[in-house]
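Dear colleague,

Please find below the structure that I am handing over to you. My notes on what was found in it follow.

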Amino acid sequence: MATIGDIHKSGLPHHGHAHGHDHHGSYLERKGGMIVTIWDWMTTVDHKKIGVMYLFAILFMFFLGGVAALVVRTELLQPNVATVAASGSVTYSGNLIGHAFGQGENIAKSNEFYNRAMTLHGVIMVFLVIVPSVPASLGNFLLPLMLGAKDVAFPRLNLASWYVYLLGSIFAIISIVQGGVDTGWTFYTPYSTTTDAAYYNVVWMVTAAFILGFSSIFTGLNFVVTVHKLRAPGMGWFDMPLFVWGIYGAAIIQVLATPVIGITLLLLIFERLFHIGIFDPRMGGDPVLFQHFFWFYSHPVVYVMILPGMAVINEMIATGARKPIFGYRAVAFSTLAIAGISFIVWGHHLFTSEGEVAAVVFSALTFLVAIPSAVKVFNWISTLYKGSISMATWNLYALAFLWLFTIGGLTGLFLGSLAVDLHLHDTYFVVAHFHYVMMGGTIIAFIGAIHFWWPKMFGKMYNEFWARIAFFLVFIGFNATFFPQFVMGSQGMPRRYANYVDVFQPYHFASTIGSYILALGFFLHLFVFLHSLAAGRKAGPNPWGSLTLEWTNASSPPIEHNFDHEPVVTHGPYDYDNVIPPQTAPGEFVLPKPAAVAIKH
Amino acid sequence: MMHDALSSSAFGSLSLGLAGFHEWTKSLFFFSTGASSQATHTENLFMYIMWINIVSFVALMGLIFYFIAKYHRGKQSENYQVSVQHNTPLELAWSIIPLIIMVPIFYYGFTGYLDKLSAPADAEEIMVSGQKWNWTFSYRNGAQPRGDQVMLTKSNYPVPQFIVPAGRPVKLIMSSKDVIHAFYIPDFRTKMDVIPNRYTSMWFFPQPLSEQDKSKGGRLHTVFCAEYCGDYHSEMAAQMKVVSIPEFEATIKQWTDYNPVDDLLKVGSMVYTAKGCNSCHSISGDKNTGPTWKNMFGDTHEYTNGESGKLVDENWLRENILYSQKRIMKGYPTSMPNYVGQLTPLEVDALIWYIKSLSDKTKPADLEGGKKTVKQYKEEAKSKGSSN
């Protein structure tokens, strides 16, 4: 506690006259030559710089995971067809990736290559991209700004979390360089404790996930304390932007659930290295125990992934419609409800594991967790009512989120229903469902949010026209990729298949073409961002006319200490009915007309 | 009459349109109508949820598009207005109504699940064993499927065909020899994990055969492995053939033993496919997951435990079939399970003769012992008596 008090005394801007500078430079301003600048970034405790470093690292990992996804989709473009020559020797066609890597004559090698690419995609996207995506990059950058604070509660811990993330990534890359792993991102035992027995790739990769967990715990802990202790004067819990609520809910889960996966992965490593029988039945272990341990973390972590996505959607929808979020308190409480219930639904990943009647409890709880998610969607749609809806790229992403997340959420009903799940479990239906939620939810929200806060982070505008084109490519590509997977899933196509029977080919073909369109959209976004950094128009402090503190009280990009004076909160984060957004040109943003009928609040 | 009156009205054509749409949607998501009573239950529940999905999605997206059309920023001066920030009755309604809609999904999901789990007492029990990467089956009389193997994918990976009786409940009692697999029968809309060191079970009621099925000699269903299990996960399939009860009884009786007049070489070639040896070992000389059997006999190899130069003879083969994990050839994975207890002495001897026959080093004269028939083999074994 003393530490927090110290920060209050020494660090916060309202004691900040001690700094004695009238002019503060942008946090991006270079401190000197190249080496000085690099050293400055490497040792910075500034939450903004740490956020930006996370952002670029995560986007790089997203690129790697995306390449693995394209490899997977390309392999599945056609089924493998064997031609048996008169001599009895066999050649395979349709095996594009196998041929590309000189393995066209050997289906085992080609399947193995697919399995490694599939695992690589899953591990990178889950542990290195989606879990840290919004919290570590945008959360770090925005949380103190939105609360009116100078930094997070523990700036050094924040830097430590970044280096722990880097260390984890290095372990993952070492594993990949050695040939990668073929366990699937779920590391199910006893496959994961016995595969590649002579090699250490699996140990490296599991250790990477173990280390990344600590990065996640550090960030979560930091955010929980920051939200509790560093809110600006006048900001009560219900005056916080809903972004903060979402990040807070996710942070609580990170702190409470991540230790469980830590110990589970450690046990897995012990089993592999020292042959201690915990999960492998040949040594007296229980393979289903691993699934319980694994999902006890990994189901809550699904909400670590989606809550921050929902968090940024709140900000974009409110600013984009220039409306208060409808039912603010319902959304805030839904966040906490989701975080709470997320801990007791893990069993729905095990409906087919043993056929226990206890599954009925998990089925019921699963339907319960659907309610707060549905409530949020209803609230967001109602927020649009009588609004002034922006068609900027970031708001198109927010609206696309509503489309994709609704499909993802509704298709969850099939999977929560026990009898139907016995049919759909481990098929492409599940693959489509979680891509609609994780990618259509979190990644789509993340990409939209990067556009939304881009001017604030880098002080530059992006090219709206090309960004919109890219958006449409992503939206169309996404649906083309994943919608056919629902259909083939319920027709019986199991997941994690390197090869398939002919009847599924049209759907795989459509899905693969969709993934190429999707990739094209993402590359176009990359060029739009690079163009913005190089030649973008200078951004004003509040280009979208938002009311949260990072827009109203800070410049674009913010100064190193965030605010010249500690902001005092005088209006709610979404008080668009009464307040013209500060730091905007006169007449650029208007107040809504008074309601035709007087409104009782 | 009622029906006529309805169909002539606008409501009637709407309901016909909806019924058509219902059928079209169902045929999109399911290749065929379910092949068991539980499958039909699952399909009906699936379509109930599908309708909730369609109606909710269309309503919500309709609202979004309506709002975008009416309230986009270009219309700010006309339509941008102060509105309520919350409405407790509305918010309660949209929390409680979805909860009510979900109750039947939950309830029928549960009853359907119980139905899929609790097999009737008179069910035909079949033991299923999963291992990397094939399925083996064993019937109540000890019979194992023999003979027919099929190619489901075009990747030249043969999978076993097994039979189940039409019109009699079938219970599968399943276990794995290595990692977790899952037995998935899409046409029956059910699956269950197959776990090492533990038994799981599933059951289904194959519908009686139609005339068309009968003319084809039975009805075919595909089985997939649905739990990721490694290199040949996607090839680890099986074909289920639903046959009439008399044919089922006759076939498993015929499968209890090898034909007495077949010789050991023939039996060995049958074991080669029936026990799934062929999924890893070729007889053509091509390298597969395991070493080829072509010219293996009489050759020497290197092993990961440092042994080398040991000649492959009858004793070597016996030891490495029964205790495969003892020594692994260099360059090959450790995937082959120990076969001790899973092959009868007849099958082991037959396999050894068969492998011997595949080597160029074996002279035809050396194969005379393999020409012994099953009947002769059994008589000899009996005459050796309990000392053997």
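**Aromatic rings**

Over all chains, a search of the whole structure finds 82 aromatic pairs, a pair being rings of Phe, Tyr and Trp (its six-membered ring) whose centres lie within 6.5 Å, with planes under 30 degrees apart counted as stacked, over 60 as edge-to-face and the rest as tilted. One of them is edge-to-face and is formed by A:Phe238 and A:Phe333, at 5.7 Å centre to centre and with 65° between the planes. A:Phe238 lies in the loop between helix 9 (201-229) and helix 10 (242-274) of chain A, and A:Phe333 lies in helix 12 (residues 328-341) of chain A, so this pair ties together parts that are 95 residues apart in sequence. Helices (H or I, at least four residues) and strands (E, at least two) are DSSP runs, numbered from the N terminus.

A:Phe238 counts as partly exposed at 27% relative accessibility, and A:Phe333 is partly exposed with a relative accessible area of 45%. Here buried means under 20% relative accessible area, exposed means over 50%, and partly exposed is in between (1.4 Å probe, protein chains only).

This is a predicted model, in which local features need pLDDT of at least 70 and side-chain atom pairs count only at pLDDT 80 or more, while totals for chains, interfaces and linings use all residues. Residues are numbered from 1 along each chain as its sequence is written, chains are lettered from A and ligands numbered from 1 in the order in which they are written, and side-chain values use heavy atoms, with hydrogens and water left out.

Ring pairs also link residues of both chains into a cluster, made up of A:Phe414, A:Phe429, A:Tyr436, A:Phe478, A:Phe482, A:Phe483, A:Phe486, B:Phe29, B:Phe30 and B:Phe46.

Two charges over rings may also be noted. The face of A:Trp41 has A:Lys49 over it, at 5.4 Å from the ring centre; the rule asks for NZ of Lys or CZ of Arg within 6 Å of the ring centre and within 35 degrees of the ring normal. In chain B, B:Arg327 lies over the face of B:Tyr303, at 5.8 Å from the ring centre.

**The interface of chains A and B**

On the side of chain A, 116 residues are in contact with 89 residues of chain B, contact meaning heavy atoms within 4.5 Å. About 9000 Å² is buried between the two chains, and carbon and sulfur atoms give 66% of that area; buried area is the accessible area (1.4 Å probe) that two parts lose on being put together, summed over both.

The rule finds 1 salt bridge across this interface, where a salt bridge is a side-chain nitrogen of Lys or Arg within 4 Å of a carboxyl oxygen of Asp or Glu. B:Arg198 forms a salt bridge with A:Asp286, and the closest N and O atoms are 2.9 Å apart. Helix 13 (residues 359-384) of chain A gives the largest share of the side of chain A that touches chain B, namely 15 residues.

B:Lys154 is found in the loop between strand 3 (149-151) and strand 4 (158-165) of chain B, and counts as partly exposed at 45% relative accessibility. Apart from neighbours within four places in sequence, B:Lys154 is in contact with A:Asn80, A:Val81, A:Ala82 and A:Asp502.

**Salt bridges over all chains**

The count comes to 26 salt bridges over all chains. B:Glu43 and B:Lys26 form one of these through their side chains (3.6 Å, N to O). B:Glu43 lies in helix 3 (residues 37-71) of chain B and B:Lys26 in helix 2 (residues 10-29) of chain B, so the pair ties together parts that are 17 residues apart in sequence. Both B:Glu43 and B:Lys26 are buried.

In the salt bridge of B:Glu314 with B:Lys356, the closest N and O atoms are 2.8 Å apart. B:Glu314 is partly exposed, with a relative accessible area of 33%, whereas B:Lys356 counts as buried at 9% relative accessibility.

With kind regards
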